[in-house]
Structure formats: C-alpha cells, structure tokens
Amino acid sequence: MATKNKAADNKALVGIDKTAREIYDKSLKGQKPQLKMPVRSLTNVKYKNKTGYLELSNQYKTRTLTYNTVKGFAQTLKMMSASKELIETNDHASKREMYYISKNWGPARFDEQPESDTVMDDIEAMMCVNREQLRFLPEEKGGEVAGQLIVFDRDRDTNKPIKIDCTGFGSGAYSIPISVEHLEFQTKAKFILCIETAGMFQRLVAHNYWRKANCILISMGGVPTRATRRFVRRLADTMKIPVYTFVDGDPYGIANIYRTLKVGSGNAAHINEFFCVPTATFMGITPQDIIDYKLPTHPLKDVDIKRAKDALKNDPFFQFHKPWVKAIEQMIKMGVRAEQQALAKHGLNYVIDEYLPEKIKAASKFLP
Amino acid sequence: MKTHEKKKGKAEDADSMAKRQREISVSEFFAKNRHLLGFDNPKKALLTAVKEAVDNSLDACEEAHILPEIEVKLERLSAPIVEAAPENEKDAKEGKDSKKRKGPVPTERYRLTITDNGPGIVATQIPKIFAKLLYGSKFHRLKMSRGQQGIGISAAGMYGQMTTGKPMRITSKLPKKDKAHFTELQIDTKKNTPDVLSEKDVDWKFKSPSGTSVEITLEGRYQRGRQSIDEFILQNTLSNPHGHFRFIDVDNQVFDYPRKTKELPEVPSEIKPHPYGVELGRFHQMAAETTARSLKTFLSNDFSRVSDKVASEILSTAGVKDVPASKITPDHLNKVHEAIPKVSIMSPPTDCIVPIGEELIMNTLKQHSKADFYTAVSRSPAVYRGNPFMVECALAYGGDLSGEEPMTVFRFANRVPLQFQPAACATFRVLTKLDWKKYGLNQPRNSLPVGPIAILIHVASVWVPFTSESKEAIADYPEIKQEIRLAVLECARQLSLHVNRAYRAAEAERKANYIDTYIPFIGEALQEMLKLSDSQKDKVVSTLRNTLERSKIDGD
C-alpha cells in the first residue's frame, strides 16, 4: 500500500502547493481568497462513447472566504496540510483516522465524520486526484473474487511477489485490496462476471460455476467500490477479456450499480477515467428477461420510478444508448422489478444450468 | 319603601320624614367619604396631605412667576409603631366611628409643615382657602394647573382636625409687608365654614420675600419606598425641574433637590369653555352668571370659538330667537344646548397647554434610571369634550433596568405625579393593550410587559378628567387614550429602531468573534503547507481578518 507512486504523489503535492500559494497571495493583497472546484453532480458530466466514461464537464463552484465559509475554509486548508504531510512522510490515514486527526484543531475540528468526508471529497475534486493520492483511504471493503485467476501481490517487507490463486479459496473468496495498482494478473478465463448480491455469488461459487464456464466471478456487494472498479478495469484491460454484469432487474441495479461500474459516478467524475469499466456489458436481469423467464416480480416503488425517470432525463450515458432508453421505458411501463434470485422459482440451480449458459451464448446482444 | 311597610315599628309618613330631611354639607359628605379625596388609610393620608399642599404651592409660584422653593417637613409626634399593623382599608373608609368600635387601630401622629416662597395669601382669604371645601380660584376657569377643584388642602386640614383634633396653622407673608400673618383654623364640617381660632402677626422665619407655610397635625404612617412621600417629592423634581425641593424626614434627615433649570415653564393661558364640552347644568349656571346682554352675545362672549356667525347658527338650529339676557328661559337654554353638537364649531385653541418638553421628560427618566436608550415625544394638543389636552411620553430601555420586572410606569397629570390606582388609569389601559412582544419583551396577557423598560406619560389639560376627586387615575376618554397610544407608539418605534440597531451591533460582534475563531487556522494551515515564517503567518492572518471585518457589514 505504501508503495510509492511518484507521479501520483507529485500531482497531489503540486495541487496542494498551488492552491495554498494562490490563497496566500490573494489574502496578502487584501482580497478574499477562493477555492475553485468542479461541481460534483450528474448535471456536470458528459458522456462520449469513444472514451466510454462520464467525464467532468466545465461547471465549477467557487467558495469565497466569508463569514459563512470561514470555518469550512479553515477545515479544508487544514486537511490539505494534513494530506501534504502524509505524502511527505509516506504514510496514509483512513477517513475515520482523518476525522480523529481533526480533533487537534480546536474549534475547527469536525463534529461528525460525514463533515470531514465531504471536505475530503472537495479536496479530491479540487486537485483532480484520487483520494488515495491524497493518502486518505476509505474503510469500504472491496469486492470478492473467485475463479480462474492468479493475482500477483507483493510482500510489504521483502517486496517479493506473492501468488494468489483465486481457485483455491474453497467456498470462500479473495478480497480485493483497497489499492490495486501494483497487482499483476494471470488468467485464461473467457469472461468476468460481476454479480450484485453476495447470495448469488455464493451460489455460483458453491457450485463451482467458474470452472464450468471458465470465468472469474466478482461480488460487488451493491454499488462497486472504487477499488473493485479499478480491479475489474485493470483485469479486463490487461487480460483483454469481456466483463458481463449480473444485477437485479430494477432501476437501482441498472442506473446505480451497472452505470457506476461501467462509466463511473457523477459525484467523483474527476477520477472516472480510471475507476470504471467501459467494456462492461449488461447481461441481466433485463426487463425482457422478466417476461422471457416468467420471473416473479415486485411492483416498482415510487423511488424506483423516480430513479428510472431520472436516468432517462439526466444521465448522459443512458441517453446516449437507445437500447437502454427502450429498456428503461419498458420497465417503467411494466411497473415491476425482479431480483437475481427470482430465478430460484424454476429451481435452485436453474440459474447455473439454464439462465447463464443461455444468456452468455448471446453475449453480443447484451445491453451496452 | 312603602312596599316594605310591615309591623316593624311605626310607618313613616311624609311629615316624619321631613323632620329628618336636611342639607348635607360638602364637608360632612367628604368627612364620611374621605377615601374619595385620597385619605383612605394612614399612609396614604399623609402622602395626600403633602401632595395637596405641594400642588398648591407650585401653582401659586408659577402664577406669580416665582421659581418655586418648597420645603416639606415631617415630624413624628408619637412613638413609632414597631410592628406593622395590617392596614385595614375598609375601616378607614367608614370613618373614625367604625375605628372606635373595632378598638384602636395603631396609627402615628405627625406634624407636617409645607413652606413655599409663593406670593403669599391675603389675610382675609386664608380662612376660606384652607378651611372651606370647594373654595378656590381654579374651578371656574379653564387653565392648565395642578389643582382644579378647591378641595385638596382643606380636606387635608379637615382630616388632621378629625384625627387629632388639632387645628391647621397657616403663616403667610406678602412681599410688601414686614410681618407675616399667622392663623389658626378649624373647619366647621356641618356648615362648611372656617372657624378662626386665633390670628396674629408674627416674624417670617424664612429668607424669601413672600411665602406661605402650612402646618397640619394628623394621624398617619410614614414609610419609605413605593408610594411614599420620598418618591412623590422625587417625582415632582422630575416633572418640575425649575423647582427647588427639600424634604426633612422624621429622622431630621434633609433631602435637598436643587433646581435644574432657572427657566420657569411658560405660563398657560386661560381659555373660555368650548361649547362642545359644557354640560347642561353648567350651561344654565353660566347663563345665570353671564354679563352678556343677550342670548346670542352670551354664546359669543362666554365661549371659545363661537363667533357671531356661529352663535346665529346655533340659535337658528335650536329654533330660538335671540332674546335679551333677562328674558332667557330654561327652555331656551335646553334647546340651545341640544343644538350645539349639531353645529360645526372649530376646536378650542390649544396654546393654553404647556408641555414639559421632550428633552426635560427624557432627562427625567435619565435621572431615574441608567438605561442604554432614551426617547421622548410631545404630541400636538388634541381635544376631548371641548377641552384641549396633550400627551407626552418618554421611554427608557436596557442598561441597569431590570429585565425581570414589569415595565416601570411614571404617570403625571399637569406635572403632578400619580402614584395610586395605576390599573384604573387610562395610561395602563393603553399600555397593557399594546403588543410589546415585537420589541423583545415578554408580555403576560392583558398586563404590562416584562423587561428592561421604563415609561413616563404626562397628560396635560385645562381640565384633566380624573376617575375620582383624589386625582389618582386619568379617566378613560377615548380621545385621551388614543393620544396616549400614539405617543407611546411613537416612542416604541424609536425603541424598535434602537433594538434593531443593538441587535445588528451584537450580531456584528458575534460574527467578528466567529471569524476570529477560525482565521488563525487558515494561517496555521498556510504556514504548514508553504513553510511560512511566523511573521508571514501573522501578516496573512491580520490581513484576512481586516478583509472579512470590512465585508461582514455587507451581510456576508
């Protein structure tokens, strides 16, 4: 983890110094210093199919130092300073640790961790770096991996390679580490299957589906973490294998989980370039699957409908792909959703024996 | 009566009743109803006596254009009562007879001497002025003065006489004479006439070229604090800054209040009654006393704002022909009186009202309490029932005034402090009806607001309507209440500006503190990141502080 990445460190350090210097100079001139950062929202991203991810657009917000912002300003600068020190001492702090560090700042301390997380996100966007480059680490767990993959990690002390065979975890799995840049891979798998729920992942692992289908199984556990996205991305890019996505057939599975895996998030668009998997495609569950496989359904709730309409209205990724527009409209019209595990209606192993083989045979027809 | 005719004793007939029917003298009436004059209980009686004497002295001095110098001396003649007996007001109201039945109510005996430097009183007038009720110079005229009815001082003397049996002793010196005239007086309550016990020429013991000294021995209770003589004198110094007051209390302690201005208040002019304000009985009386030659000239001569033209209009509205004065009949007068309200008559002149003045009433409050904010307003004169009047109001807020107590209210009528019956007074009716919450004060329903606020209200008029002869509370005339309301509101508006200003100042301070709290951390962070020296850090902190201080007023 402490493996030094000179270029990344440099970008963060340069950004911090530049920002601090600007504030200092402006302050001495008797002007109110400002912090400028991109607007972190879906309204400020654009999608180009060629690059394949949600890119930051050009809206910026400036926070001017005033009576109202003075506390946030002080906190932001103190956190930048903390980040700089972490880089210089080649250390890191978790988000929670950062929150506790602030307790030394007297009245400028954070009262709750969400406050400190928000400031962290602001700095990240401001510097256009990943928070790992600022040496802040999330507590969030990465995904889990099982199947035809060998991962090469390194021993922290000896720097010797460690070979991890992802077929050798029995009924368990390999956990994706928080930082994945240094990992190397070896695989003969034909595809990567990214699965939303741990339950479905467990079924496929328990029945050694990966052996049958010669694939790598990845459990995302909801919206994939940055580490998971980066892991899949590096794996897919270096090994040149396709990525299929298997999530619940509902607006959350489509618009949040799949969209974030494929093109990144609207909230951290400045890092999407690296933290997304543009080659991923959507296997299921599609609205058409609900009909074709006669799946039991639940009605869409108001939040589901809102999320679906939001995707059509505001999300440049879905707007670009006509099949997606059609699929989402179809789901809204049907007014129902179906979970991955609804396939169990046809028998517990129906998913392994029938659904997956049938779908993967027609992988070229997956939703983009 | 007749319906109750039963076997209890012999039935009365007109003859037997006639034997008991006789005139009741005013003096007798008031002897039995002394509460009407403010002699309800020993403590109040003492104060009322002081008040009546001081009012008279001030009026006399002002009319003679003399800067008043008044000394009130109180001596205790009996042993002081240690244990405060419960004041039995009911007994006191029923007169001394009932007192006797209930056994002695403990009271103390005092000698009260009030001396002024007024013009003095002609010897022959002294007995009537001091020992005849409803005798005076002020009742039959319309002019702003403290005394109005000619009751007060005689009543005080009568009270003393009834409670102690001691006569009033008056010494008065006229400026042109060497000696003063001393009179010992009693009032014959049955006949309402003075009894002169003795009179002689004596030496004038005071420095002033003229003056009057009144000595009354009476029962009473002297206590300091609220509704005390001390407070009355103090409040008088407030409303009469041109007066020099001295109070010598029972312990021979001297409280000296030198005058604050040598300027006498403008002397109010006397006006004739306005037709709108004259009641029928008085109208008949005026007609009987008139020197005018005809009904029409009676109207135009004896009333204010009645020109020949208006007089003609009144007569034609009444359907009455002008007749010579000798031929005026009650029927004429009734018709004319009825017609008056139907004719539009100009309001009476208002220059007869002399305000204390905004600055002086404000100073008055300043002496009473150290506040953050003062404001005052003198309204223009207005008219109720044909009587001109005006209202002045001063307001103090914040500072040392207690935030836990109800609003302090000072009431004055024609410069006389009103200390009793606040709740019966028009001023209170107005103050409790206003919404004080918007000025940041608590206000229990239908009560005075609670907060650091004091208010002074002065009602001046040629005839201040009181709720009773003891002149304790101003009566509830809508016109008067409206003027009080407007005066108070005007002050309250200023208060509201002040409160907002004060709020803004406090807010600015709070913001400055807030900024000061966080700016150093910006300096610290910049120092860490840019490896600044301490002086560089201090410089950036102070520059930033100035930048923000400058802009925070703009509402950032």
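**Entry 1**

I started at one residue pair: Ile150(A) has Gln186(A), in strand 11 of chain A, as its bridge partner. This is a predicted model, so I keep that in mind for everything below. Going out from that pair, I found three bridges joining strand 8 (residues 150–154) of chain A to strand 11 of chain A, and the two run antiparallel. I then looked up the sheet they belong to: it is an open one of three strands in chain A, ordered 9-8-11, with antiparallel pairing. Strand 9 (161–165) and strand 11 (184–186) of chain A are its edges, each pairing on one side only. Neighbouring strands here are turned by 25 degrees against each other on average, direction ignored.

**Entry 2: the six-stranded sheet in chain A**

Next I went to another sheet of chain A. Six strands make up this open sheet, in the order 10-7-13-12-14-15, and the pairing is mixed. Which strands are at the edges? I noted strand 10 (174–175) and strand 15 (281–284) of chain A, each of which pairs on one side only. Inside the order, I checked how strand 7 (residues 144–147) of chain A meets strand 13 (residues 215–219) of chain A: four bridges join them, and they run antiparallel. One pair I wrote down is Glu144(A) with its bridge partner Ser219(A) in strand 13 of chain A.

**Entry 3: helix 5 of chain A**

I wanted to know which residues of helix 5 (residues 198–206) of chain A are buried. They are Met200(A), Phe201(A), Arg203(A), Leu204(A) and Val205(A). I was curious to see an arginine in that list, Arg203(A). As for what covers these buried residues, I found strand 7 and strand 13 of chain A, the two from my last entry, among the elements. The cover also includes strand 12 (191–195), helix 6 (209–213) and helix 13 (350–361) of chain A. After the helix comes Asn208(A), and its phi is positive, near 50 degrees.

**Entry 4: two helices crossing in chain A**

I moved on to helix 2 (residues 70–88) and helix 4 (residues 113–127) of chain A. They pack at an angle of about 70 degrees, with axes 10 Å apart. That makes helix 2 of chain A roughly perpendicular to helix 4 of chain A, and the crossing is right-handed.

**Entry 5: over to chain B**

I took an overview before going into detail. Chain B has 16 helices and 14 strands. Of its 556 residues, 42% are buried. I also looked at contacts in chain B with a separation of 6 or more: 71% of them come from residues 24 or more positions apart.

**Entry 6: another helix pair, in chain B**

Here I picked helix 9 (residues 280–289) and helix 12 (residues 330–339) of chain B. Their packing angle is about 130 degrees and their axes are 10 Å apart. Leu280(B), Phe283(B), His284(B) and Ala287(B) make the contact from helix 9 of chain B, and Pro330(B), Leu333(B) and His337(B) from helix 12 of chain B. I sorted these residues into five nonpolar, two polar and no charged.

**Entry 7: strand 7 of chain B**

I asked myself which face of strand 7 (residues 244–248) of chain B is covered. Phe245(B) and Phe247(B) form the covered face, while His244(B), Arg246(B) and Ile248(B) are on the uncovered one. Strand 1 (residues 69–76) of chain B runs parallel to strand 7 of chain B, with five bridges joining them; Glu71(B) stands opposite Arg246(B). Strand 8 (residues 254–257) of chain B is antiparallel to strand 7 of chain B and joined to it by four bridges, and Phe245(B) stands opposite Tyr257(B) there. Strands 7 and 8 of chain B form a hairpin with five residues between them, and Asn252(B) in the turn has a positive phi of about 65 degrees.

**Entry 8: where the chains touch**

Last, I looked at the contact between the chains, which takes 22 residues from chain B and 25 residues from chain A. On the side of chain B, helix 15 (478–530) and helix 16 (534–552) are the elements giving two or more residues. Helix 15 of chain B gives the most, with 13 residues. That side of chain B divides into 13 nonpolar, four polar and five charged residues.

How values were computed. Residues are numbered from 1 along each chain as its sequence is written. Chains are lettered from A and ligands numbered from 1 in the order in which they are written. This is a predicted model: local features need pLDDT of at least 70, side-chain atom pairs count only at pLDDT 80 or more; totals for chains, interfaces and linings use all residues. A residue is buried if 20 or more other C-beta atoms lie within 10 Å of its own, exposed if 12 or fewer, and partly exposed in between; C-beta atoms are placed from the backbone. Two strands pair if DSSP finds at least two bridges between them. Two residues are in contact if their C-beta atoms, placed from the backbone, lie within 7 Å. Ala, Val, Leu, Ile, Met, Phe, Trp, Tyr, Cys and Pro count as nonpolar, Asp, Glu, Lys and Arg as charged, and the others, Gly among them, as polar. Axes are lines fitted to C-alpha atoms, for helices over the stretch in contact, and angles run from 0 to 180 degrees between N-to-C directions. Angles under 35 degrees count as roughly parallel, over 145 as roughly antiparallel, 65 to 115 as roughly perpendicular and the rest as oblique. A crossing is left-handed if the near helix is turned anticlockwise from the far one by less than a right angle, and right-handed if clockwise.
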